Amino acid sequence: MKNLSKIGLGILTSVGGYLEVGSIGTSLQAGARFRYELLWALLIGTVCVAFLTEMTGRLAAVSHHTVVDAMRKRFGFGFQVWPLASQVIVDLFVLASEIGGASLALELATGVSMRVWAIPIATAIWALLWLGTFDAIEHGVAVLGLVTLCFVVAALELGPEWRELRQSLVPHMPSADAGQYAYLAVGILGATISPYLVTFYSSGGVEEKWTSKDLMPNRMVAAVGMGFGSLVAMAVIVVSALVLAPRGVKAETYQEAAFILTIPFQRWGYPLFWVSLAIGCIGAALEISLDVSYIVSQSFGWDWGESQKPAEEARFALIYTLAMPIAAIPALIGLDPLKLTMFSMALTVIALPIVVGPLIVIMNDEQYLKTHTNGIVTNVAVVLIVALAFLLAIVAIPVQMIGGS
Amino acid sequence: MTRRSRIVRVEDLLGQRVRTAAGDVIGRIEEIRAERHGDDHEVTEYLLGRGALAERFAIAPRFFGRHPTKRVARWDQLDIRRPDRPVLTCPVEELKRE
Amino acid sequence: MDLVRDVLDARLVDRRGRSLGRVDGILLDVRDGRPPRFVAMEVGLVTAARRIHPRLARWVRAFAIKVLPVPVRPTRYSPRLCRDIGVDVKLDVDAQSDARLLRLEKWLRRHVVERIPGAGE
């Protein structure tokens, strides 16, 4: 039973990682413009994020420290403030994208402009955090997140070309438009390897009081949870490649792509699309707002945890309360959520090294991990993927900006 | 006996380059050890150099090379009254090496 | 004990396990002819800001004096209060009953959080 609850944390984390506005948005565009060609970015992103979640779960189980705890104690506040600040900024941008995505989902459902929905959505997310417990949120999102499996069903229904699909899992140059291709690869990597997954998952592990008995289940959860998420994101690429690409739809906005599921599912397709988008975005928004509170509280050594009532942890609760109105502003003024998403994902990749670098140092610290320090494969895989993503980003982002789109 | 005393912050000392009386830099302060004596906690020694840093991070030796130097200065071998410029009060050779 | 590895930046907890903040600074009393004495662990926003840049600390202080409803001076804990140094530093104090501790947390709880419905006891 306890393992089932851990899988819940894994799926919640992965819903936040994959089934949200970032992954849906980048996957839709990738499929529409390059068919299966960018599947490899999703694959290496998944490998990286599975390693990262396994690592942070292991840190929580062996040392009872969260990533932020360990980072502050090892590196000191003078250094740790930089990863903290970058992550708070990235979190706020991504949170704004999620609120935008959820508001847009309601626009698709009702025809009423997303600007009207920004405040109700932000308020609803806040109320769930204020009134709910971690368990309720975790299980609710994990169960509702299963709706997004409709993309997998759709992909199978449409019948992808398996040979071409398999070949796309190996990194390669594009058939055309290298600038756009690289920018989308960065977007996919940023949407997949989100730094908040790392801090969130380790906080969840500490909050659920894992011990070294949980190491094996932790490994399973990292693999199953992230596998689940990446399966859905891959399905989005495939469906987009089979539905949007042949029709010449570039998926420059979510509205353009909203009919995507009506081909396999007819009249159920449209509601399934906006429901998936809404659940994914709200799930991710819950996770990210909690994450902002987690990392700030842990940095300053305040009591933290979503299992307590707000009155017992006033500062913790006020941090996410403060984050919500700030993050609602872009949706409120009607900023295009897909553009904001792409920007947030690029920003995420730029911030990755400063968060992941110190984490790798801690994961090799024998005082924290005892005999469970990182193996050479984990170290090398994570460092290589993060370095690749970062290099791709500093090349692709300026090109994209100069070239315009 | 003089009763003059002044407050110095550990976070100011940390990472500062330690110089000999002649002005040569011999390494940075990476750790400060204290022990309890009766009701008081007193500083016993300062650990200097990359070896002390490696020890603080408890990282497998493969990341720091095999034998990074670590020097140990007894409390009376290091003058910390100016935390931005700590100075040895003895020749380097008298410091313990580990 | 190792002041940097074990104490600086460690989380302080009281007798009941309540967090008191992190050790933002450590004060040594440098005496002539005798070993420096470890006199206090300091917790406070200004002390933390000082570690980024002294100028930032001055700005934070000026700003905090203007906006915060509670005194901004850092809290100092004597090492004599230490009961155990491990993952956290456990202190022999009680944050609930001691009005000098967690001033901001208590103020926010009373004046902000508890006025919003659903905040709990």
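Modeller: Start in chain C, where strand β3 (residues 25–31) and strand β4 (residues 34–43) pair in the antiparallel sense over six bridges. Two strands pair if DSSP finds at least two bridges between them. Strands (E, at least two residues) and helices (H or I, at least four) are DSSP runs, numbered from the N terminus. This is a predicted model: local features need pLDDT of at least 70, side-chain atom pairs count only at pLDDT 80 or more, and totals for chains, interfaces and linings use all residues. Residues are numbered from 1 along each chain as its sequence is written, while chains are lettered from A and ligands numbered from 1 in the order in which they are written.

Now the details of the pair. D29(C) stands opposite R37(C) in β4(C). β3(C) and β4(C) form a hairpin with two residues between them. In the turn, G33(C) has a positive phi of about 75°.

Next comes the partner chain. In chain B, 25 residues are in contact with 22 residues of chain C. Contact here means that C-beta atoms, placed from the backbone, lie within 7 Å. On chain B, β1 (5–9), α1 (10–13), β3 (25–37) and β4 (40–48) each supply at least two residues of the side that touches chain C. That side of chain B has ten nonpolar, four polar and eleven charged residues. Ala, Val, Leu, Ile, Met, Phe, Trp, Tyr, Cys and Pro count as nonpolar, Asp, Glu, Lys and Arg as charged, and the others, Gly among them, as polar.

Chain B also touches chain A. Five residues of chain B are in contact with seven residues of chain A. On this side, chain B has five nonpolar, no polar and no charged residues.

What of chain B itself? Its elements include two helices and eight strands. From the N terminus on, they run β-α-β-β-β-α-β-β-β-β. Of its 98 residues, 33% count as buried. Buried means 20 or more other C-beta atoms within 10 Å of a residue's own; 12 or fewer is exposed, and in between is partly exposed.

Last, the interior. A nonpolar core is a set of buried Ala, Val, Leu, Ile, Met, Phe, Trp, Tyr and Cys residues joined through C-beta atoms within 7 Å. The largest has 144 residues; V239(A) and I237(A) are among those that touch the most other members. Helix α15 (residues 269–300) of chain A gives the most to this core, with 18 residues. Apart from it lies another core of 39 residues, including A52(B), A73(B), Y77(C) and V93(C).

Methods:
Contact = placed C-beta atoms within 7 Å.
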